[in-house]
Amino acid sequence: MARSVLAAAARVARWADRALGPGGDSATADGKATLSDATARRAADALGLTTDQVRADWDTARLAGLIEVHGDSARPGWRLRAWDRDDSAVLRGWVALCDAWSLACPEPEDHEPAAVAEVVTAMPQVLSFLQLSAGPVPVPQLLDLLEQRVTELRTERCEVDYEPRPGTPAVAPEPRPAPAADAPLQPLLDWALRALASVGALTYGDGQATLTPLGSWAVWVKLEQICVAAQSPAGNIEQGAEDMLRGCAQLRPAAARAEYRAWLAARPVGSAVTELIAAARGEDALLRGLAFEALRVVGAPAEPEVRAALDEPALRPYALLWLAEHDGMDAEDAHEVLTREEATWLWVDTAAAVADHGEAPLLLRHLETAVQPTVPSLLDEVRAVGHPRTVQVLVALAAAHPDPAFAKAVRRAAFQVHKGG
């Protein structure tokens, strides 16, 4: 259903990707990649549509994230790139369109912006009622519910001053009444239902409205997100990414994943991914690993920023593993995508995390995971990889190892690295 609703928008987005992308032969006359009149006519001719249809599909594509506009340029969004291989990208695109339903259809004229905002704020409760009803609901019944919710919103905004003013008796004044409606809500409800019908969330006609299966699923997803966010197991939901990851460091993997899901449900996915990548760039290697574990919970929406992280040496091994697993490779085999140097860098980074936060036996077990077959080759490659924590890792490894000869060789390697050798 989501693919069907967004099919026309995806078609225009693909055309724009070909015609307006770098090196495209159909760039607009003014050199901009926006949908000018000339571009709309060109798209209409190429796709066999009217210019009005092209503009409507373009707007839908923007709202669904199939096209991203940055200033005077437009480029395909990650959802368009993932369209053919990732159903979740299609569903997320439709949910983004559904969330923007109030932009999908022009609002009625001659209505105060405040009244429109109240209706937009109240509609989630109307949609929840439609889902609970599991069938057609008469519009008068929805109007009653909308009026009740709007009245509640206006009452909540009513400011009551209970503080006595200087020189007056300490008697609470009468609360100011909630402002009366400036106009009937029927036209605004009609607009909201028509807009939601236009994005495929419900059907509207014959004096009643019914959620589509897609609309019912969207309401259920929103409720689930609210419930997940409310059940943050470790209480880190209000923290920034770095503090949240520190709070998850001592949790078992399943509990940590539950905390990641709760944290992610409470914020926009784009800003959450940006926060996690920023945390991964820090000096704490443990947070780097945990950040990419949280990004695994994010899934496909994190792909563009994870792919961009390939250009950062400190993040590249983690990003390569993430992308390999995202593309379907088994987690146990994902290390095959790393070069020997990248694998060694990751080994040192993980050892730094263990040295900072773990115990000696864990560091010794980590020694056994090195890809090098001998200690001399391990030390040579660790020294060559240039990790900033190499000296600290080698010193910690020498202190933890029970074999004096091994410890001596590792300390010598640490001294050579320290001296620049």
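The side chains of E312 and R281 meet in a salt bridge, with 2.9 Å from N to O; the term denotes a side-chain nitrogen of Lys or Arg within 4 Å of a carboxyl oxygen of Asp or Glu. This pair links distant parts of the chain, 31 residues apart: E312 stands in the loop between α15 (303–308) and α16 (316–326), and R281 in the loop between α13 (269–280) and α14 (285–298). Helices (H or I, at least four residues) and strands (E, at least two) are DSSP runs, numbered from the N terminus. E312 is partly exposed, with a relative accessible area of 24%, and R281 is likewise partly exposed, at 47%. Here buried means under 20% relative accessible area, exposed over 50%, and partly exposed in between, computed with a 1.4 Å probe on protein chains only.

The model is predicted: local features need pLDDT of at least 70, side-chain atom pairs count only at pLDDT 80 or more, and totals for chains, interfaces and linings use all residues. Residues are numbered from 1 along each chain as its sequence is written, and side-chain values use heavy atoms, with hydrogens and water left out.

## Salt bridges

Side chains of opposite charge can pair when their charged atoms come close. The structure holds 19 salt bridges. Three of them are listed below, including the pair described above.

| Pair | N to O distance |
|---|---|
| D17 and R81 | 2.7 Å |
| D37 and R55 | 2.6 Å |
| E312 and R281 | 2.9 Å |

D17 lies in helix α1 (residues 2–20) and R81 in helix α4 (residues 78–81), so the pair ties together parts that are 64 residues apart in sequence. D17 is partly exposed, at a relative accessible area of 23%, whereas R81 is exposed, at 53%.

A further bridge joins the side chains of D37 and R55. This pair also links distant parts of the chain, with D37 in helix α2 (residues 37–47) and R55 in helix α3 (residues 51–63), 18 residues apart. R55 counts as partly exposed, at 29% relative accessibility.

Returning to E312 and R281, their loops are 31 residues apart. Elsewhere, salt bridges that share partners join R85, E303 and R307 into one network.

## Helix α20 and its buried face

An α-helix has 3.6 residues a turn, so residues three or four places apart point the same way. In helix α20 (residues 390–400), the residues T390, V393, L394, L397, A398 and A400 are buried. Seen down the axis of α20, these buried residues fall within an arc of 165°, so they line one face of the helix. The arc is that of the directions from the helix axis to the C-beta atoms. The buried residues of α20 pack against α17 (340–357), α18 (360–367), α19 (375–385) and α21 (404–418), where contact means heavy atoms within 4.5 Å.

## R149 in helix α8

R149 belongs to helix α8 (residues 139–157). At 18% relative accessibility, R149 counts as buried. Its side chain makes a polar contact with the side chain of E152 at 3.0 Å. A polar contact is a pair of N or O atoms within 3.5 Å; within protein, one must be able to donate a hydrogen and the other to accept it, and residues adjacent in sequence count only if both atoms are side-chain atoms. Not counting residues up to four places away in sequence, R149 touches A122, Q125 and E156.

## Loop residues

Most residues other than glycine have a negative phi. A134, a residue other than glycine, has a positive phi near 55°. A134 lies in the loop between α7 (113–133) and β3 (137–138) and is exposed, with a relative accessible area of 69%. D206 is not a glycine either, and its phi is positive, at about 55°. The loop that holds D206 runs between β4 (202–205) and β5 (208–211), and D206 is exposed, with a relative accessible area of 82%.

A266 is placed in the loop between α12 (253–265) and α13. A266 is partly exposed, at 42%. The C-alpha atoms of A266 and I237 are separated by 7.2 Å, although the two residues are 29 residues apart along the chain.

## Cysteines

A disulfide is a pair of cysteine sulfur atoms within 2.5 Å, and by this rule the count comes to zero disulfides. C105 counts as buried at 14% relative accessibility, and C248 counts as buried at 1%.
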